[in-house]
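Colleague: I would like to learn how to read a few features of a structure. Please take me through them one at a time.

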Amino acid sequence: MSAETAAPAGDLPAIRLDAPRAAALGAIARKEAPALKARVENLSFWYGDKQALFDISMPIHERRVTALIGPSGCGKSTLLRCFNRMHDLYPGNRYAGRIVLEPEGIDIIAPKTDPMIPRLRIGMVFQKPNPFPKSIYENVAAGLRIRGVRNRAILDEQVEKSLRRAALWEEVKDRLHASAYDLSGGQQQRLCIARALAPEPELLLLDEPTSALDPIATAHIEALIDELRENYTIVIVTHNMQQAARVSQYTAFLHLGKLIEFGPTEEVFTRPRKSMTQDYITGRFG
Amino acid sequence: MATAPIAAETLRFVRRSRQRDLWFATLALVILFAACLTLFGLIADLVIRGAPHIDRDFFTSYPSRRPADAGILSAWVGTVVVMAVTAVIAIPLGVAAGVYLEEYARRSLFTDIIEINIANLAAVPSIIYGLLALGLFVYGAGFGSTILTAGVTLALLILPVIIVATREALRSLPREMREGAFALGADRWQVVSMFLLPAARPGIMTGVIVGLSRAIGETAPLITIGALTFIAFLPPPPFTPEFPWISLDWLWSPFTVLPIQMFNWVSRPQPAFHELAAAAGVVLLALTLVMNGLAIYIRYRDRARRVLG
Ligand SMILES: Nc1ncnc2c1ncn2[C@@H]1O[C@H](COP(=O)(O)OP(=O)(O)OP(=O)(O)O)[C@@H](O)[C@H]1O
Ligand SMILES: [Mg+2]
């Protein structure tokens, strides 16, 4: 267990301002190979009687971007939503296997693991921007307020920092207390990214974050992902092969709920081991 | 370029359909117009007969045997006080029950039974609530025929309305909002109190006001629990000059309310009292309209603000 998670009782564990960056700098200084942030082990998942994921195993490398690609309905969102136990919100869903979150090695999907534990440490950005019907400021501050932060100075600082990271600060700094609904779709999505970043998650889940955006906003967010990689571990679902190639270091190709291929993005895209991957990447099906 | 003429059969078919539409629209308009006109006539009649009697004395005088001296002081105070008790009990209970059923309870036979019960409770005739309250609160709990009993009884009566409105308001929120809040690590209480309730507030408020508008006009259950029809004093004041400065004695006071006062006046033979009843009716109607206006205003304001909570 790292020092910053062993917070004194009463302090909320998930607020670890700047801890990921410190850890990142340490690792770079020591020239370590990327450690694992999480391991998916023999993961299967059922929506009621319908099995949606079949025995998936793959690593999630720390401070790297892992892309999930595959044809529509192959289970990308389903897999992503296992990481923060979103499926627990609906009755009848069932997991099997393990998702181990490092460094403590806790099994995220074990029934005895309170779903709040992964959710407090893992941020998520949804496919459709889903800001709360609150002000821009309160949207970004929401994660901190949930963790019991009341100190105005800390809130102000984190809100500004997160909005800057999400490349939104300049556009909204003069109207932080306007409704988030007044923002454009692209701005709303960046706001949701800022909201996810504010509590400094260890792992960031992005479900097609640019599917509702125009090319300029998309470029913004891709640049942002590249920057975030210094401090965060990211898993991104994308339908866009170029995007996967541009932003990720590892790629997982799924088909009909099964993991067909996993590897460094460069290898998956230039010399895939499976012909099915080749066909999908070159646009022959999917 | 020659085009083939449209088949006569098609034209006839289209004409027949259009005619049918026209018939229906005309009929509906006539019925709607008749209904509106009747309502408008009733209100106009009430206002014409009642309005001349509404002056300051009407609000500051107790009922009296002489129509010229009679007023609605005890009645409107009673209505306001009973409504306050009703709201204080029904709103927190109803919203809490709605939140529990919608956000906390897992679907089970138990919740299904509760659901059916609530749906049916909303349809129970109000006098049944009066009978229930008579046995349960007046005699059973020993509350007597007091403001407290009236408030509790009317609160029970409108509880289903508020529960259903709360559930519907919560259910209509997009699931993305819940997911977004849970994904940030919120516990259920935080999701409800920080995100769902503020967003559902317009819908809940509408339900609350619909419920209170129903309660404000209720007569039967209050007569059943023993409301007085002639009362020439006010409940004791809620504030006292000595410690502890507030007093709840007024809860134990006998009472009357506007619709009962109206009922009393209407059942007298003298036409002068009938006009007073119309005047009290205008006041009651105005109160209801103000409440409905408030509901519309709240809904409109929250929609316009788009920053809730
Ligand atoms: N709530 C649900 N109940 C039952 N089946 C579901 C549910 N959600 C998804 N599925 C099914 O699970 C499979 C995987 O769906 P998922 O949403 O993970 O696909 P996806 O890869 O994200 O697709 P897309 O690229 O279109 O978003 C699909 O066959 C889908 O029909
Ligand atoms: Mg999806």
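Colleague: How many aromatic pairs are there over all chains?

Modeller: This is a predicted model, in which local features need pLDDT of at least 70, side-chain atom pairs count only at pLDDT 80 or more, and totals for chains, interfaces and linings use all residues. Residues are numbered from 1 along each chain as its sequence is written, chains are lettered from A and ligands numbered from 1 in the order in which they are written, and side-chain values use heavy atoms, leaving out hydrogens and water. Rings of Phe, Tyr and Trp (its six-membered ring) pair if their centres lie within 6.5 Å; planes under 30 degrees apart count as stacked, over 60 as edge-to-face and the rest as tilted. The count by this rule is 9 aromatic pairs. One of them, Phe137(B) with Phe143(B), is stacked, at 6.2 Å centre to centre and 10° between the planes.

Colleague: Is Phe137(B) buried or exposed?

Modeller: Buried means under 20% relative accessible area, exposed over 50%, partly exposed in between (1.4 Å probe, protein chains only). Phe137(B) is buried at 13%, and Phe143(B) is partly exposed at 23%.

Colleague: Which residues are buried on the two sides of strand 9 of chain A?

Modeller: In a regular strand the side chains alternate between the two faces of the sheet. Strands (E, at least two residues) are DSSP runs, numbered from the N terminus. On one side of strand 9 of chain A, Tyr250(A), Ala252(A) and Leu254(A) are buried; on the other, Thr251(A), Phe253(A) and His255(A) are. With 6 of its 6 residues buried, strand 9 of chain A is therefore largely enclosed by the rest of the structure.

Definitions and conventions. Helix = DSSP H or I, 4+ residues; strand = E, 2+ residues; numbered from the N terminus.
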